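Good morning, colleagues. Please keep the sequence and the structure in view while I go through the side-chain contacts.

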Amino acid sequence: MLHSGSGSGSLDDPFVINEDITDDGPAILTVRGLRSDFGNRVGTQHVVGFALTKIVRNLTQRNWDSFEVELREVLSHTSPYQDGLSFAQDAKTDLMFGSDRFTQAYKTDEPLDSVVYSGATIRPGESVTVRMVITDYSPAFEFYLLQRRNAPVAQLTGLAAAR
């Protein structure tokens, strides 16, 4: 559930989206209206580009040990290299990706465009902020940002955890 959005998309004034995620399936953010006349607000070589900050509250029943975002132009298929949509592929982006809670951000450009944030546990009721840059060489009017949360498969508790 989206609560608010603000910003201009630049690195100094990113788009900021506040949302709650309430179930375990992928949350999907649909982005519409991006055209070449939007321009590049992050200084990369791409036709369009913008900075996005997401403030996400965990309203599921599970801990999140990682948070993955994936770009897709077609919802049913991963984003191929040829579509031009990426998380600032081929740009100097080390400082453009991060989180207030997760200590690591791992970006994959092929065979899909994703960023996985990890290195912390986000418990039910807690929030996490993640930062990213989205770019496109041939902007599509509509694209999708899939968001997946990974919970631990098994966890030791009680005496077994102390051994």
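This is a predicted model: local features need pLDDT of at least 70, side-chain atom pairs count only at pLDDT 80 or more; totals for chains, interfaces and linings use all residues.

R148 has a relative accessibility of 23% and therefore counts as partly exposed; on this scale, buried means under 20% relative accessible area, exposed means over 50%, and partly exposed lies in between, with a 1.4 Å probe and protein chains only. Residues are numbered from 1 along each chain as its sequence is written, and side-chain values use heavy atoms, with hydrogens and water left out.

Which residue forms a salt bridge with R148 at 3.2 Å between the closest N and O atoms? That residue is E68. A salt bridge here is a side-chain nitrogen of Lys or Arg within 4 Å of a carboxyl oxygen of Asp or Glu, and by this rule there are 9 salt bridges. Strands are DSSP runs of E with at least two residues, helices are runs of H or I with at least four, and both are numbered from the N terminus. E68 counts as buried because its relative accessibility is 13%.

R148 also forms a salt bridge with E70, where the closest N and O atoms are 2.7 Å apart. E70 lies in strand 5 and R148 in strand 11, so this pair ties together parts that are 78 residues apart in sequence. The relative accessible area of E70 is 1%, so E70 is buried. Taken as a group, E68, E70, R72 and R148 are linked in a network of salt bridges.

Another salt bridge joins the side chains of R101 and E126, at 3.1 Å from N to O. These residues also come from distant parts of the chain, 25 residues apart: R101 is in the loop between strand 7 (98–99) and strand 8 (104–108), and E126 in the loop between strand 9 (113–122) and strand 10 (127–136). R101 is partly exposed, with a relative accessible area of 29%, and E126 is partly exposed at 27%.

I turn now to the aromatic rings. How many aromatic pairs does the structure hold? There are 5, where rings of Phe, Tyr and Trp (its six-membered ring) pair if their centres lie within 6.5 Å, and planes under 30 degrees apart count as stacked, over 60 as edge-to-face and the rest as tilted. The ring centres of F15 and F38 are 6.2 Å apart and the planes stand at 35°, so this pair is tilted. F15 lies in strand 2 (residues 15–21) and F38 in the loop between strand 3 (27–32) and strand 4 (48–58), so the pair ties together parts 23 residues apart in sequence. Ring pairs link F15, F38 and F50 into a cluster. R41 lies over the face of F38, 3.7 Å from the ring centre; the rule asks for NZ of Lys or CZ of Arg within 6 Å of the ring centre and within 35 degrees of the ring normal.

Two backbone features remain. The peptide bond from E110 to P111 is cis, with omega near 10°, and P111 is found in the loop between strand 8 and strand 9. A88, a residue other than glycine, has a positive phi near 55°.
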